[in-house]
Amino acid sequence: MGTTSSQLNKNDLSEYQELTFLTKQEILLAHKRFTELQSKEQKGVLHLRVPMEKIHSLPELKSNPFRKRICQVFSTSEDKDGSLTFEDFLDLLSAFSDSATIEIKSHYAFRIFDFDDDGTLGYGDLEKLVNCLTIPEDKQKDTEETGLTREEMKQLITNILDESDIDKDGTVNLSEFQHVISRSPDFVSSFKIVL
Amino acid sequence: MARSVNFDLNHPLIEYGLESPADEEGVHDSFNQLIAEQSQNEEMFDTFDQGPLGRRELDKEHQDFVYTSSPPHTFREREPDRGEYELEEYGEQTDPLIPERWSSDTLKILSSMPSRTIGRNRGAIISQYCNKTLQLRRRRQSKPADRVFSRSSRPSIRAYDLEADTTDSESRDLTKQDQLVNNLQNLSASDRERMLRGMPLCLTVKKKLRELASQKEKQTRSSSRINCCSHFKLCIIKSWYTWSSFIHSRQMWKVPLKRVSGRFGTGVLSYFLFLKTLLFFNVFLFLVMGTFLVLPQAVYPPEVPANRRSFSGLELLTGAGYFSDTVMYYGYYCNYTLHRNYNSSTQAWSTVKLPSYNMPLAYFFTIGMAFFITCIILVYSMSKSFGQSFRIDKSYSILAIKTFCSWDFRVIKKNSIKLLSENICTQLKELLGELKPKHGRNPWLERLRRLMVHCLAWLMCVAVTTGCVIGIYYFSDYMHIENQKQGAAQEASLLALPVLVSLINLLLPGLFNFAAWVEDYISPSVRTYVGLSRNLMLKVSVLGVLCYHWLGRIATDGTDYIKCWESFVGQELYRFLIVDFIFTLLDTLFGELLWRLFSDKILKRQRKPEFDIAKNVLDLIYGQTLAWLGVLFSPLLPAVQILKLLLLFYIKMSSVMMNCQAPRRPYRVSQMTTIFITLLCFPSFLGSSVCVTYAMWSIKPSESCGPFRRLQTMLKAGKQWMKQLAEENASLSPLASAHAYLVENPLFLFVGAGIFLIVIYFHSQVLDGQRKIITLLQEHIKNEGEDKKFLITRLQSIHEQKRPSARKLTNQDSTELQEDKPQFSNYYGSSTSG
């Protein structure tokens, strides 16, 4: 790892360590993996963006049904194409790391599940979420028969809203979402991506 | 208060005769200024003390307004078009603010409400964290009385950024950011770091904030003296980082664990993590025993008996023979003080003042301390895991949890992901099916039949367990007498008892599984718990009988067939450990590998066997109990256990990867982990420590071997030492009496237990109170939600009425909305944190 770690200067490294939940080793590993994803011209220039498709080639994200959302949420790109800089990539890993707090994790989970980016989980978001959860990706396109039926979907979403929408405004907002999450201790252990 | 003015706008102005909308803008602005000032200098704090009071007045007015002057038909008018929205067919509980109903302006405001912006907007996050830092700052600086105010006045302090009027939202963001930076500076370095790290912002922004914060700090620091305390703290933090990253880099089995989690998810992973925890406990025990007992004794070995047997190979299984006169067992340790020029022929308590090592005392205190520290670690991890997995708020929201939390992001293998989504789908379907009303036929008869089946199954399990236990009881007695007759000639016959016990441990769980299958439990969790309790019953009773056999029969055996009963018991435990390991291997081979081949090749089934997490974890706990039991009699037993666990890890890992597939049933990881840690603590550790304490407290150690020979009980070693100390040095006699008082007097124990119980009682009372508060707050939130709904409906109706001047009005109403909203989120926040 000698050549790659030399590119990441020491100040940056300690700064990243301070601002993320990652350890030094994890940051170095992330750096190595990130430079592998970069194209030849970009090599080593960390503020250049790696397109979303490249990020998706990581085995950790390859089959994840939420990978597109994950990239979009963590991307700081102005044209919202889901491309990541190295710092965005670190943000992603930090949120999914072992030591990240439940607040951070639930915040990002909320944003990942908020498909239309309107700040709340509405009917449409929940429907998309349930589809992502229940229908394997290769079948998503041809039929919807594999997942829940229309009736079931309606009932499911009504029930979810009934259970979690405390202020009864028809959508699940961040605090309501976090409330639900706080009651599921397994969330922290399953909301993890390790390089 | 100026804020109450907002309400009047909805009505003919004559009623209150107050400001015109233009003035209202002014009020709004000045209010904002006030906020800015407020959060910058805390001295102005008391100006806001009236905050809550004013608020209450406002609420009253609000209510009057609702009941007297709100036209009820505004709600009714909407009823006819409700049917158009498919969602609402399902009942009135979803009478939400469906977006489609609103005009674009209202929608804009809706989307800029703080509760919604916080999930996506950077400005909103910054403003939220601005408040958080402010709170933290106050908490650190001021008396508790101030904190109460800071809480109650939070809604008014909170500045709102409105995206609807984009004109100054950017500048407001900037001032917010300044405030945040300002707040951050005033925090201590570690707090600031934690705050920054916990912000859900992108790294670039965080970097900027950090830079700004440290820049200003430098300016202020150059004028003031450097705080050496915080500098020291910073140093500690830095060194902690390097240290923790060092530990992290040495993390064991990172790659295999990742592979397992990538394929099977967190459930199977928890088994391996549990194994790792056990390994840690054993390494700890081994280190303690190694440094304080084994190493000193190995450096100064006692005389080896003349008729020492040579190594034959069978020892690896039986632990007897060659091993019996080594540091492995209790009998080898000497009962004198070790020092350099010891003359072994005198064998007396030495009075020479050289660096010396009192072996009996060391033995006694090492065992005691090791158990004590293990106990503390266990109880600590148990309480922590209880806190994580059993929250006080037990409201029923299983579908929401399932949907939001069931995706396992660790799973990365394509097939496993497919399986995972299929599982989630079936689980959701099952849950939905349960919601529908059931048309049970003849429920009473059905219930009676079930009850009968359960009773029969339990009866059978208890009977079989009792039979096995009685069998072990007589068999152990028989073997004991047989061995006595034959002498120690046939080492292999010693293995009969462990093989029998392991066989029972292997076969009976299968029977229990069969019983559970016959019973056909509806709920999978009940099934797991029933299986667990049956297995536990078996293991506890088997171990109980064995303990009786060792401590009751062998230890007090008058015949001199066994010269050193402690060593013998140590050997027995060694044998049990080894045979248990061998049987686990056989189980893995036959139960997993051959079964997989069988079902694959002959039955031509696609499904591989599932990895039974609960059974495997119970096996681990059983092995660990043996290891804890044996520490006293064989100080090196933890080393054997470490070896066993290491091998087991790799064998189980490869077996799981090769033969198994992810469990179909949902597995509640943290809850099960909590239960397993509790089991490890309660019957396993507590039971073994009771046995060890009993052995030390009231059984006479053997006459001719071990560190406690010629003593009445092992406990006497400490007493004797105390006496000696008191004789040598009169000033230490209070210590001796304190020792006598603390160790031998039961009153101390009673008082300790009493205090402990009282503390537990208080805690449970506090918990009850918190539960009540939570329900109150939940009701409050519901009311706030109603208010919000009402306000938005009003907003919409006004918007429709005054289309030309709509723009202005929405702005005004939105300030009103926002004043309402933060209070909601405030209470909300405290309810979740409670």
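Predicted model: local features only at pLDDT ≥ 70, side-chain atom pairs only at ≥ 80, totals over all residues.
I'll start with chain B. The UniProt entry, which is unreviewed, marks transmembrane regions in this chain, among them residues 268-295 and 672-697. Let's see what the model does there. Residues 268-295 of chain B are 100% helix and 0% strand, with 38 Å between the end C-alpha atoms. Residues 672-697 of chain B are likewise 100% helix and 0% strand, and here the end C-alpha atoms are 35 Å apart.

Now chain A. An unreviewed UniProt entry places the annotation "domain: EF-hand" on residues 101-136 and 152-187 of this chain. In the model, residues 101-136 of chain A are 67% helix and 0% strand, and the end C-alpha atoms are 30 Å apart. For residues 152-187 of chain A the figures are 67% helix and 0% strand, with the end C-alpha atoms 25 Å apart.

The domain assignment divides chain A in another way: domain 1 is 10-95 and domain 2 is 102-190. Their centres, taken over C-alpha atoms, are separated by 26 Å. In the contact between them, domain 1 supplies 11 residues and domain 2 supplies 13 residues. About 1100 Å² is buried between these two domains of chain A, and carbon and sulfur atoms give 66% of that.

Which residue forms a salt bridge with A:Asp117? The partner is A:Arg69, with the closest N and O atoms 3.4 Å apart. Between domain 1 and domain 2 of chain A, the count is one salt bridge, along with six residue pairs in polar contact. On the domain 1 side, helix H6 of chain A, residues 67-74, gives the largest share, five residues. By class, that side of domain 1 has seven nonpolar, two polar and two charged residues.

Last, the two chains together. The size of an interface is often given as the accessible area lost when the parts come together. For chain B and chain A, the buried area is about 7900 Å², 61% of it on carbon and sulfur atoms. The contact involves 80 residues of chain B and 87 residues of chain A.

How many salt bridges are counted between chain B and chain A? The count is four. One salt bridge joins the side chains of B:Arg210 and A:Glu15, at 2.9 Å from N to O. Across the interface there are also 16 residue pairs in polar contact. Helix H19 of chain B, residues 414-435, provides the largest share of the chain B side, 10 residues. That side of chain B divides into 34 nonpolar, 21 polar and 25 charged residues.

Technical notes
Residues numbered from 1 in each chain as written. Chains lettered and ligands numbered in written order. Heavy atoms only, no water. UniProt positions renumbered as here; feature names shortened; annotations may be inferred. Helix = DSSP H or I, 4+ residues; strand = E, 2+ residues; numbered from the N terminus. Contact = heavy atoms within 4.5 Å. Buried area = accessible area lost by both parts, 1.4 Å probe. Polar contact = N/O pair within 3.5 Å; in protein donor to acceptor, adjacent residues only side chain to side chain. Nonpolar A, V, L, I, M, F, W, Y, C, P; charged D, E, K, R; others polar. Domains from an automatic or database assignment.
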